[in-house]
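Okay, hi everyone, I'll keep this short. Let me put the model up first, and then we'll go through a few bits of it.

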Amino acid sequence: MGGFADFSVFLAYSLVFLSAGVCIIYGIVNWNKEGDISAEENEEEKKWLKTEIEIDEEISGGGAV
Amino acid sequence: MNMFWLITIIVVYLSVISYLGYLGFSHTKNSLDYMVGGRNIHPYIMAMSYGATFISTSAIVGFGGAASFFGMSMLWLTVCNIGVGIFIAFVFYGKKTRRMGLNLDAHTFPELLGKRLDSIFIQRFAGIIIFVFMPLYAAAVLIGASRLIEGLLGMPYIYALSIFTILVAAYVIMGGLKGVMYTDALQGSLMFFGMIFLLIFVYFKLGGITEAHTSLTALASKIPEGFAKIGHAGWTASPALNTPLWWIIYSSLVLGVGIGVLAQPQLVVRYMTVKSNKELNRAVAVGGLFILATTGTAFIIGSLSNVYFIENFGKLAVQMAEGNQDKVIPIFVKEAMPVWFGYIFMLVILSAGMSTLSSQFHTIGTAVGRDIIPRFKDNKNREIVITKIGIAISILATVFLGIKMGPGIIAQATAIFFGLMASSFLAPYTAALYWKRLTRKGAIAGIVSGVSTTVFCFLFLHGKEAAVFGISKLLIGRNTILGGMWPFVDPLVIALPVSIIFTIGVSLITKVENQETVEKSFKGC
């Protein structure tokens, strides 16, 4: 078992690489997916965020803080 | 080490860090930028910042040193770090948190909980918990980095600690979260490549993967008597079931830190810095690889250091480090690696320390400026000024603890903070994201029961802390009120179920206070 004394540690060693592999595959497969948010909602979100930043700047007077 | 090259490398490194800190400062126009990076951070920067904040000197020096004592069963923590700390965190917590944070205009973790439940008490109480306890974790990180600088430059510890703190404080206070995240991205990249090289080099030096593991397995006959007594069964074997060491590894280190990561305020705020779920999906890939390279390497190298030390010095790591596990990794790098790698590793450790410490200072500061002190709706610049004052106070508290805390404390202090955060906030936070029936009273009951159970365990049950506080000894003449395995069981094992029961139980017997807030919170989630 790869030089390990017991199965539990061999399993941990294997799962470390396996779980990293799952993360990489998940990231690649979902690279361009927005998830459960529709494009329309995302447009609304961008508009909301822009407004929030404008309000924020207006209140703080803009410029580096 | 050649002093000229050492100082040249440090000056170049700090110049680049200063430039990135300035870049963050120049890109910061308002409190949204200062607190959550304007919610439009690049996914690579977000993932590296999350990883570099998560993985500190505690993980590499403290937990790597713990692996040199306890062996490769510590790799279960890496499995948790990737499976829970990256995959579950980003996919099941990150997306909901990002969207809910946007819906509620939350800039911090306490503010997210407070606004979701319409409770200024929750926001302030969570802010106070962060303000009071996070300096303990920050001090652990500071000690790790300062000890390394002390060892490399031969500089007195107090000077190393002061210089390191001033450098980090400068770009956190000026650059806000953008300054923190830009520098994190560079520091995370340095950590990634440095640790990958270390892993490959050590396996190569010890004759290959299987050969190295076989040599480590053969050291089982050399286990020190003190280790064998608490359940140590060898560096490639799991400790005997239900022994003190089994409980230390699996309840304090693996469970405490592995699960605790989900409720870390300095990490939760990262989810709120990206503009869509797409960025979080991409960050999963980068984050998984990063954690594998950092904690995976630290725990494997920590364990394998025993093989190198036995072959070259006839001693185990514990003997080489004279019983202080925080010294093992620095000694191993100094003795086993080429001189030029010593310079690289120094940057890796500096990066690990600076990236985590900067986020801790920023989180404590925002807890003061945004959560504890009432909001200044008419003047957001005052909010940032108070945040900066909060950061300054947290720095002083951290430096004080960094001077006062004893040796070999890094991994323990980290596990205490991670466990406390999970016990207090994980149940209400999870319910806030997924359960519309969660009530304000239920969340308060979950948080208060989690904190009080954890504090009770530290004072009366968990051996290490109970012995330090001495209250149990004063009252009943013993360090802990229960014997057997209980002094080794991490408080999280008791406090988290208590918090879950209170969160659900109290919510079921009370009514949701404001249905409108619930609908607003869950819009688009």
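So, at roughly what angle do the axes of helix 4 and helix 18 of chain B cross? This is a predicted model, by the way, so keep that in mind. The answer is roughly 110°, with the axes of helix 4 (residues 57-70) and helix 18 (residues 410-434) coming within 8 Å. That angle falls in the 65 to 115 degree range, so helix 4 of chain B counts as roughly perpendicular to helix 18 of chain B. The crossing itself is left-handed.

Who's actually touching? From helix 4 of chain B you've got B:Ser58, B:Val61, B:Gly62, B:Phe63 and B:Ala66, and helix 18 of chain B brings B:Ile410, B:Ala411 and B:Thr414. Sorted by type, that contact has 5 nonpolar residues, 3 polar and no charged.

Okay, next stop: B:Ile248, which sits in helix 11 of chain B, residues 244-260. There are 23 C-beta neighbours inside 10 Å of B:Ile248, and the cut-off is 20, so we call it buried. If you skip neighbours within four places in sequence, B:Ile248 contacts B:Leu253 and B:Phe488. B:Phe488 is 240 residues away from B:Ile248 in sequence, yet their C-alphas are 5.9 Å apart.

Zooming out to the whole of chain B: we have 23 helices and 0 strands. The C-alpha trace spans about 70 × 55 × 40 Å along its principal axes, and 62% of the residues in chain B are buried. And of the chain B contacts between residues at least 6 apart in sequence, 79% join residues at least 24 apart.

Conventions. Residues are numbered from 1 along each chain as its sequence is written. Chains are lettered from A and ligands numbered from 1 in the order in which they are written. This is a predicted model: local features need pLDDT of at least 70, side-chain atom pairs count only at pLDDT 80 or more; totals for chains, interfaces and linings use all residues. Helices (H or I, at least four residues) and strands (E, at least two) are DSSP runs, numbered from the N terminus. A residue is buried if 20 or more other C-beta atoms lie within 10 Å of its own, exposed if 12 or fewer, and partly exposed in between; C-beta atoms are placed from the backbone. Two residues are in contact if their C-beta atoms, placed from the backbone, lie within 7 Å. Axes are lines fitted to C-alpha atoms, for helices over the stretch in contact, and angles run from 0 to 180 degrees between N-to-C directions. Angles under 35 degrees count as roughly parallel, over 145 as roughly antiparallel, 65 to 115 as roughly perpendicular and the rest as oblique. A crossing is left-handed if the near helix is turned anticlockwise from the far one by less than a right angle, and right-handed if clockwise. Ala, Val, Leu, Ile, Met, Phe, Trp, Tyr, Cys and Pro count as nonpolar, Asp, Glu, Lys and Arg as charged, and the others, Gly among them, as polar.
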